[in-house]
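Hi,

Here is the structure I promised to pass on. Have a look at it first, and then read my notes below.

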Amino acid sequence: MPRSKMRGASSGKKTAGPQQNNLEPALPDRLVGHSTENPASGSVRKTRKNKQKTPGNGNGGSTCEAPQSPRKTRAQADPAGENKEAFKKRMEVKVKIPEELKPWLVEDWDLVTSQKQLFQLPAKKNVDTILEEYANCKKSQGNVNSEEYAVNEFVAGIKDYFNVMLSTQLLYIFEKPQHAEILEAHPNAPMSQVYGAPHLLRLFVKIGEMLAYTPLDKSLALLLACLDDFLKYLAKNSATLFTASDYKVVSAEYHCKVL
């Protein structure tokens, strides 16, 4: 897929439902499928009676299919003319979060929504850097040029999704004033150069909803395998990417901004 088709996305429609503008308090529910279960033990999305098998582990390289740009994806999201069965099947797309990362998703939610702390920005290691290090890791494994190109396209697609979805899909209500301050302080910077690992991880809780509308057909399994490979990379490096010390208690003045 030419990179020009993925880059340059600037907006994405909000997902339907009462929680469309924020994750709070839906994130733990999305991890387990039901609000009464333990967040650390559930799956990423609600499952249906006819579950779709999760593809096997990806190994990066040529198996990576770059996600289509959010703009192109949402333009084809209207289910009009699509029968209900076909639409249901598209809604089955899910991204499996590794077990090692699920507790961190819950802790991230608790730190922000319950303890009223904020992840300190700009991040010590931003999303762009994390994606670049992943790409370099894959290239160092001796991939040929075509596989190297595929990895580059994959990480570029993830970056596009992150930048488009952050403000409307990946922030808790408590983080909105902080985001406004960041936009004012860094008006020309992509948010992938400001935010870090916790917000990147939140993307993979939501991205399945976007992929449900993406006409990837047979290549969808390859894309999910590549997403799985990247998530395993995050899990392997979780000790350095995710730490509660990156969150700080905010001032009383900030609390007033949230009200």
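A residue is called exposed when its relative accessible area is over 50%, and buried when that value is under 20%. By that cut-off L259 is exposed, because its relative accessibility is 87%. Please keep in mind that this is a predicted model. You'll find L259 in the segment after α11 (252–258). In sequence, L259 is 85 residues from F174, yet their C-alpha atoms are 9.1 Å apart in space.

W109 sits between those two cut-offs: with 22% relative accessibility it counts as partly exposed. W109 belongs to helix α4 (residues 102–114). Its C-alpha is 9.7 Å from that of P198, although 89 residues separate W109 and P198 along the chain.

Now the aromatics. Searching the whole structure turns up 10 aromatic pairs. One of them is Y134 with F230: the ring centres are 4.9 Å apart and the planes make an angle of 80°, so this pair is edge-to-face. It connects distant parts of the chain, with Y134 in helix α5 (residues 127–139) and F230 in helix α9 (residues 219–236), 96 residues apart. Y134 and F230 are both buried.

F230 also pairs with F204. Here the centres are 5.6 Å apart and the planes are at 45°, so the pair is tilted. F204 is buried, as is F230. If you colour the rings, pick out Y134, F154, F204, F230 and Y233, which ring pairs link into a cluster.

That brings me to the two helices that carry F204 and F230. The axes of α8 and α9 come within 12 Å and cross at roughly 170°. The two helices are therefore roughly antiparallel to each other. On the α8 side the contact involves L200, L201, F204 and L211, and these meet L223, L224, L227, F230, L231 and L234 of α9. What is the make-up of the residues in this contact, nonpolar, polar or charged? There are 10 nonpolar ones, no polar ones and no charged ones.

The structure holds 10 salt bridges, and three of them are worth a look here.

Start with R202 and D108, whose side chains meet in a salt bridge at 2.8 Å, N to O. That pair ties helix α8, where R202 lies, to helix α4, where D108 lies, across 94 residues. R202 is buried, with a relative accessible area of 0%. D108 is also counted as buried, at 0% relative accessibility.

R202 has another partner in E175, with the closest N and O atoms 2.7 Å apart. E175 is in the loop between α6 (145–169) and α7 (176–185), 27 residues from R202 in helix α8. The relative accessible area of E175 is 0%, so E175 is buried. Through shared partners, the salt bridges join D108, E175 and R202 into one network.

The last one is K138 with D229, where the closest N and O atoms are 3.2 Å apart. It links K138 in helix α5 to D229 in helix α9, 91 residues apart. Both K138 and D229 are buried.

Cheers

Technical notes:
Residues are numbered from 1 along each chain as its sequence is written. This is a predicted model: local features need pLDDT of at least 70, side-chain atom pairs count only at pLDDT 80 or more; totals for chains, interfaces and linings use all residues. Side-chain values use heavy atoms; hydrogens and water are left out. Rings of Phe, Tyr and Trp (its six-membered ring) pair if their centres lie within 6.5 Å; planes under 30 degrees apart count as stacked, over 60 as edge-to-face and the rest as tilted. Helices (H or I, at least four residues) and strands (E, at least two) are DSSP runs, numbered from the N terminus. Buried means under 20% relative accessible area, exposed over 50%, partly exposed in between (1.4 Å probe, protein chains only). Axes are lines fitted to C-alpha atoms, for helices over the stretch in contact, and angles run from 0 to 180 degrees between N-to-C directions. Angles under 35 degrees count as roughly parallel, over 145 as roughly antiparallel, 65 to 115 as roughly perpendicular and the rest as oblique. Contact means heavy atoms within 4.5 Å. Ala, Val, Leu, Ile, Met, Phe, Trp, Tyr, Cys and Pro count as nonpolar, Asp, Glu, Lys and Arg as charged, and the others, Gly among them, as polar. A salt bridge is a side-chain nitrogen of Lys or Arg within 4 Å of a carboxyl oxygen of Asp or Glu.
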